[in-house]
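Please consult the sequence and the structure shown below while reading.

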Amino acid sequence: MWKRNLINKFQTSFAQQSNFDGLIISDPVNLTMITGIRMMFLQTMKNYCVYVLWSHERKVLICPKSLSSSFSNEGWNDNIIVYESCLDPIQKATDILIEEIRYFFRAGSNLGFEGTYLSQKVFDRLTEALPSVHFSDSVNFITDLRQIKNETELNNLKQAAEIVDHGIA
């Protein structure tokens, strides 16, 4: 239930408050927020690269084949595009991301990306391969959204605080 609430919160805010046609999400914290699947392990695993390309019409998870069943089992019900193990998973995942953007976004589209997380190398590759797409830093949009709590999140925080208080007392 909490997963669905997180996804609905993100989807509603994206539809109502963002000026983006789509978002490229790769920060494990933000991936967890929008998918409801804990992905913090990605920060330490350099042989994995995961992107979510989120638009108003379509959501795509790009991941290594070895993780795809985990994402499916955890409840990712949208599109999953997998890549095989390789020497440069970032390049492979970025190639797939570029093809998805070419296919689903038209010239002049405004795509948000996490400026504090996406590497300069990947950003340069995207802008070189997709010169007609406008890329804008979306980190403020996502950070602001993470700070605003809905009723379910507030109740979960209250319950957690009560458990901690009980444990300390």
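The model is predicted, so local features are reported only at pLDDT of at least 70 and side-chain atom pairs only at pLDDT 80 or more, whereas totals for chains, interfaces and linings use all residues. Residues are numbered from 1 along each chain as its sequence is written, and side-chain values use heavy atoms, with hydrogens and water left out.

## Helix H2 and its packing on H6

Helices (H or I, at least four residues) and strands (E, at least two) are DSSP runs numbered from the N terminus. Helix H2 spans residues 28–35 and packs against helix H6, residues 139–147, at an angle of about 60 degrees, with the two axes 11 Å apart. Axes are lines fitted to C-alpha atoms, for helices over the stretch in contact, and the angles run from 0 to 180 degrees between N-to-C directions. H2 and H6 are therefore oblique to each other; angles under 35 degrees count as roughly parallel, over 145 as roughly antiparallel, 65 to 115 as roughly perpendicular and the rest as oblique. The crossing of H2 with H6 is left-handed. A crossing is left-handed if the near helix is turned anticlockwise from the far one by less than a right angle, and right-handed if clockwise.

On the H2 side, Val29, Asn30 and Met33 meet Ile142, Leu145 and Arg146 of H6, where contact means heavy atoms within 4.5 Å. By class, this contact of H2 with H6 has four nonpolar, one polar and one charged residues. Ala, Val, Leu, Ile, Met, Phe, Trp, Tyr, Cys and Pro count as nonpolar, Asp, Glu, Lys and Arg as charged, and the others, Gly among them, as polar.

H2 is largely enclosed by the rest of the structure, because seven of its eight residues are buried. Buried means under 20% relative accessible area, exposed over 50%, and partly exposed in between (1.4 Å probe, protein chains only). The buried residues of H2 are Pro28, Asn30, Leu31, Thr32, Met33, Ile34 and Thr35. At the start of H2, a side-chain oxygen of Asp27 comes to within 3.0 Å of the backbone nitrogen of Val29. After H2 comes Gly36, with a positive phi near 75 degrees.

## Helices H4 and H5

Helix H4 (residues 89–104) packs with helix H5 (residues 120–129) at an angle of about 35 degrees, with their axes 11 Å apart. The crossing of H4 with H5 is right-handed. From H4, the residues Ile90, Gln91, Thr94, Asp95, Leu97, Ile98, Ile101 and Arg102 meet Val122, Arg125, Leu126 and Ala129 of H5. The residues of this contact divide into seven nonpolar, two polar and three charged.

Thr94 lies in H4 and is buried, at 2% relative accessibility. Not counting residues up to four places away in sequence, Thr94 touches Tyr51, Val122, Arg125 and Leu126.

Ser136 belongs to strand E6 (residues 134–137) and is buried, with a relative accessible area of 15%. A polar contact is a pair of N or O atoms within 3.5 Å; within protein, one must be able to donate a hydrogen and the other to accept it, and residues adjacent in sequence count only if both atoms are side-chain atoms. The side chain of Ser136 makes such contacts with the side chain of Asn110 at 2.8 Å and with the side chain of His134 at 3.1 Å. Beyond four places in sequence, Ser136 touches Phe20, Asn110, Leu111, Gly112 and Phe113.

Ser68 is found in helix H3 (residues 65–73) and is buried, with a relative accessible area of 16%. A polar atom of the Ser68 side chain lies 3.0 Å from the backbone oxygen of Lys65. Neighbours within four places in sequence aside, Ser68 contacts Cys63, Ile80 and Val82.

Ser18 sits in the loop between H1 and strand E1 (22–25) and is buried, with a relative accessible area of 13%. Leaving aside neighbours within four places in sequence, Ser18 is in contact with Ser13 and Phe141.

Gln11 lies in helix H1 (residues 2–17) and counts as partly exposed, at 32% relative accessibility. Trp54 and Lys59 are touched by Gln11, not counting residues up to four places away in sequence.

The following table lists C-alpha separations for four of these residues.

| Residue pair | Separation in sequence | C-alpha to C-alpha distance |
|---|---|---|
| Gln11 and His56 | 45 residues | 8.2 Å |
| Thr94 and Ile62 | 32 residues | 9.0 Å |
| Ser18 and Gly112 | 94 residues | 9.4 Å |
| Ser68 and Asp144 | 76 residues | 29 Å |
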